[in-house]
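Have the sequence and the model side by side as you read.

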Amino acid sequence: MNAMLVPRYAKVHHRAKPSRAPAPGRSKEKPFMFDEAAETMPREKLLRLQLRRLRAMLEDACNRVPLHRKRMKAARVRPEDVRSLEDLARLPYTVKTDLRDHYPFGMFARPHEQLSRLHASSGTTGKPTVVGYTHNDLATWADLMARSLACAGARPGDVIHNAYGYGLFTGGLGAHYGAERLGATVVPMSGGATERQVVLLKDFGARVLCSTPSYALNIAEVAERDGVDLRRSKLAIGVFGAEPWSEGMRREIQIRLGLKAIDIYGLSEIMGPGVAIECEAQAGLHGWEDHFLFEVLDAETGTPVPEGHAGELVITTLTKEALPMIRYRTRDITRATTEPCNCGRTHLRLKRITGRNDDMLIIRGVNVYPSQIESVLIGLPDIAPHYQLVVERKGNLDELGVEVEAMASAGTGEDVYRALAERVRYQIKSLIGVTTTVTVKKPGEVPRSQGKAVRVRDLRPK
Ligand code: DLL
C-alpha cells in the first residue's frame with residue numbers, strides 16, 4: 001500500500017483520553033454535549049465504526065444506484081474488497097455534475113414513496129441540484145444539527161432565532177429541526193424583513209442567532225440604525241455559515257452584536273448544515289466522523305495532503321439512505337487536524353473554509369479568493385465591511401474591480417473618496433500582490449445580503 005494514499009486522519013493520535021484540562025482562566029466545567037458517547041468516542045473505535053458503516057453504505061449504493069455500481073465496476077472494486085479505510089483511495093469520485101446529469105432523482109437510492117423531503121440548490125447555471133431524505137435521514141440530520149448547536153454553546157430551553165432561509169435551501173429547515181431536537185424554542189424567521197428581525201431578537205430574548213455571517217452584519221447595521229442595542233440583549237451565540245467568511249468578519253460581528261460567532265459548515269449534497277461546526281474553543285470545525293468520512297486531497301493529483309495542509313475536502317456519507325455519496329468532491333478548500341481538542345470531542349477539525357476552488361480568481365497570474373480580499377478590507381479605517389468584486393476581461397487578461405463602501409465617518413467629496421480608494425488599492429496590492437481598480441461607494445450603496453452574499457459579479461464573456 002502506497003503510504004501517500006493513507007488518509008492522514010486514519011492515523012490515531014495516541015493519547016489515552018482527550019485532555020479535559022481547562023486552559024488557564026477557563027472553568028473546569030465539562031462542556032454540555034448532545035451525544036457525549038458519539039462525540040468523545042476514542043478514535044480507534046470511531047475508525048472501526050467508519051469502516052463498518054462504509055462497507056454497508058457501499059453495498060447499498062451499488063445495489064440501488066446504477067451510477068455508483070457502474071463507477072465501482074470501472075474502478076474494479078467491490079464493496080467487500082474494502083478492508084480498511086486506506087481502501088477509500090481506490091473508490092471513484094462523485095461530482096456535482098453527476099447530480100445534474102441524473103436530474104432530478106437518478107442518484108437516489110430509495111423510491112420516491114420512501115422519501116420524506118426534497119431540497120434543492122438553485123445553481124446559477126442550468127438545472128438545480130436536487131437532494132432527498134428518507135424519514136431516517138431527517139432524524140439523523142436533526143440529531144446532527146442538535147449536536148452541532150450544542151457544540152456551539154446552545155442549550156435546551158434557549159430561544160433560537162433562525163434567520164436562515166426557509167424553503168428549498170437546507171439552511172432554514174435544517175437549523176429548525178435541529179433546534180427543536182435540542183429542546184430549544186425556535187423562532188422560524190427565515191431571511192428578510194430585517195427591522196422586524198431586530199425587534200423580535202430583542203423582544204423574544206433570543207440567546208442564539210442562526211444566519212449567514214453577511215446577513216448577521218446586515219442585522220447589526222439595521223439594529224444600530226434603529227437604536228436597538230443588541231449587545232445588551234440576551235444574544236450570546238451566533239451560528240454562522242453557508243458562505244466563506246474571514247476572521248476579520250468574525251471580530252466585526254462579535255463586537256457589533258455582542259456574541260460569540262461560531263462557524264458552521266455543510267452542503268446540501270451531503271446533508272445540509274451540521275456536517276461540521278466549531279466548538280466554543282473556536283479552533284476549527286469538528287466534522288462528525290461517525291456519519292461522514294473526510295479526506296483532504298490535492299485537487300490536481302487526488303493524493304491526500306499531509307495533515308494540516310490545504311486541499312480539497314472530499315466527503316463520503318456513511319449513514320445516508322436516500323442519497324449516499326461516495327467521495328463527493330466538495331471543491332471547498334480547507335485543512336484538517338486530528339489533534340485532540342480542549343473540549344474533549346475526538347472528531348477531527350477542519351480549518352475555516354477559505355473558499356471553493358472554482359471561486360478562485362486568477363488575476364494576472366495571481367491566485368486570489370474573495371475571502372482574502374475581505375480579510376484586507378475588514379478593519380480598514382473608514383471602510384464599511386460590505387463589498388463586491390467585479391471581474392472583467394480586458395483583452396486576454398482578467399481584471400479585478402473592488403467596490404467598497406465608505407463609512408459616514410470618512411467624510412464626503414471626491415478627494416476623500418479618491419484617497420480612500422488609493423489606500424485600499426495599496427493595501428490589497430501589498431498584502432495579496434494583486435492589482436485592482438477600487439471604487440468607493442457612498443454609505444449604503446453596496447447591496448446588503450439577505451442570505452448568501454453575492455461577493456463576485458463576473459462580467460467575463462461566457
Ligand atoms: O449552505 C448549507 C448550510 C446552511 C451550511 C446553513 C451552513 C449553514 P449549500 O447551499 O448546498 O448548503 O451550499 C454549500 O456553501 O460547499 C461551501 O462552498 C459553502 N459553505 C457552507 N458553509 C460554509 C462555511 C449550505 N462555514 C456550500 N464556510 C459549500 C465557507 C461554506 N463556506
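The buried residues of helix H10 are covered by several elements, including helix H9 (247-257), strand S17 (366-368), S18, S19, helix H11 (414-432) and S21. Contact here means heavy atoms within 4.5 Å. Helices (H or I, at least four residues) and strands (E, at least two) are DSSP runs, numbered from the N terminus. This is a predicted model, in which local features need pLDDT of at least 70 and side-chain atom pairs count only at pLDDT 80 or more, while totals for chains, interfaces and linings use all residues. Residues are numbered from 1 along each chain as its sequence is written, and side-chain values use heavy atoms, with hydrogens and water left out.

H10 spans residues 370-377, and six of its eight residues are buried. Buried means under 20% relative accessible area, exposed means over 50%, and partly exposed lies in between (1.4 Å probe, protein chains only). The buried residues of H10 are Pro370, Ser371, Ile373, Glu374, Val376 and Leu377. After H10 comes Gly379, with a positive phi near 100 degrees.

Now take strand S18, one of the elements that cover H10. S18 runs over residues 383-394, and nine of its twelve residues are buried, so the rest of the structure largely encloses this strand. Which strands does S18 pair with? Two strands pair if DSSP finds at least two bridges between them. Strand S19 (residues 397-406) is antiparallel to S18 and joined to it by ten bridges. Ile383 has Ala406 of S19 as its bridge partner. The hairpin of S18 and S19 has two residues between the strands, and Gly395 takes a positive phi near 65 degrees there. Strand S21 (residues 456-458) pairs with S18 in the parallel sense, over three bridges. Here Val391 stands opposite Asp458 of S21.

Move to another pair of strands. S6 (residues 237-241) and S7 (residues 260-267) run parallel and are joined by five bridges. Gly241 stands opposite Ile264 in S7. S7 is mostly covered, with six of its eight residues buried.

Ser148, a residue of H5, touches Ile264, Gly274, Ile277 and Trp288, leaving aside residues up to four places away in sequence. Ser148 is buried, with a relative accessible area of 0%.

How do H5 and helix H6 cross? The axes of H5 (residues 135-152) and H6 (residues 170-182) come within 7 Å, at a crossing angle of roughly 75 degrees. Axes are lines fitted to C-alpha atoms, for helices over the stretch in contact, and angles run from 0 to 180 degrees between N-to-C directions. H5 and H6 are therefore roughly perpendicular to each other. That term covers 65 to 115 degrees; under 35 is roughly parallel, over 145 roughly antiparallel, and the rest oblique. On the H5 side, the contact residues include Trp141, Met145 and Leu149. H6 contributes residues including Tyr177, Arg181 and Leu182. By class, the contact has ten nonpolar, three polar and two charged residues. Ala, Val, Leu, Ile, Met, Phe, Trp, Tyr, Cys and Pro count as nonpolar, Asp, Glu, Lys and Arg as charged, and the others, Gly among them, as polar.

Next, the aromatic rings. A pair of aromatic rings is described by the distance of the centres and the angle of the planes. Rings of Phe, Tyr and Trp (its six-membered ring) pair if their centres lie within 6.5 Å; planes under 30 degrees apart count as stacked, over 60 as edge-to-face and the rest as tilted. By this rule there are four aromatic pairs. Tyr133 and Trp141 have ring centres 4.8 Å apart and planes at 10 degrees, so this pair is stacked. Both residues are buried. Phe240 and Trp245 make an edge-to-face pair, 6.0 Å centre to centre with 80 degrees between the planes. Phe240 is buried at 0% relative accessible area, and Trp245 is buried at 2%.

Finally, check some backbone angles. Tyr103 and Pro104 are joined by a cis peptide bond, with omega about -10 degrees. Pro104 lies in the loop between helix H4 (96-101) and strand S1 (115-121). Ala193 is not a glycine, yet its phi is positive, near 50 degrees. The loop that holds Ala193 lies between strand S4 (185-188) and helix H7 (194-203). Ala193 is partly exposed, at 47% relative accessible area. Arg364 has a positive phi of about 45 degrees and sits in the loop between strand S16 (361-363) and S17. Arg364 counts as partly exposed, at 49% relative accessibility.
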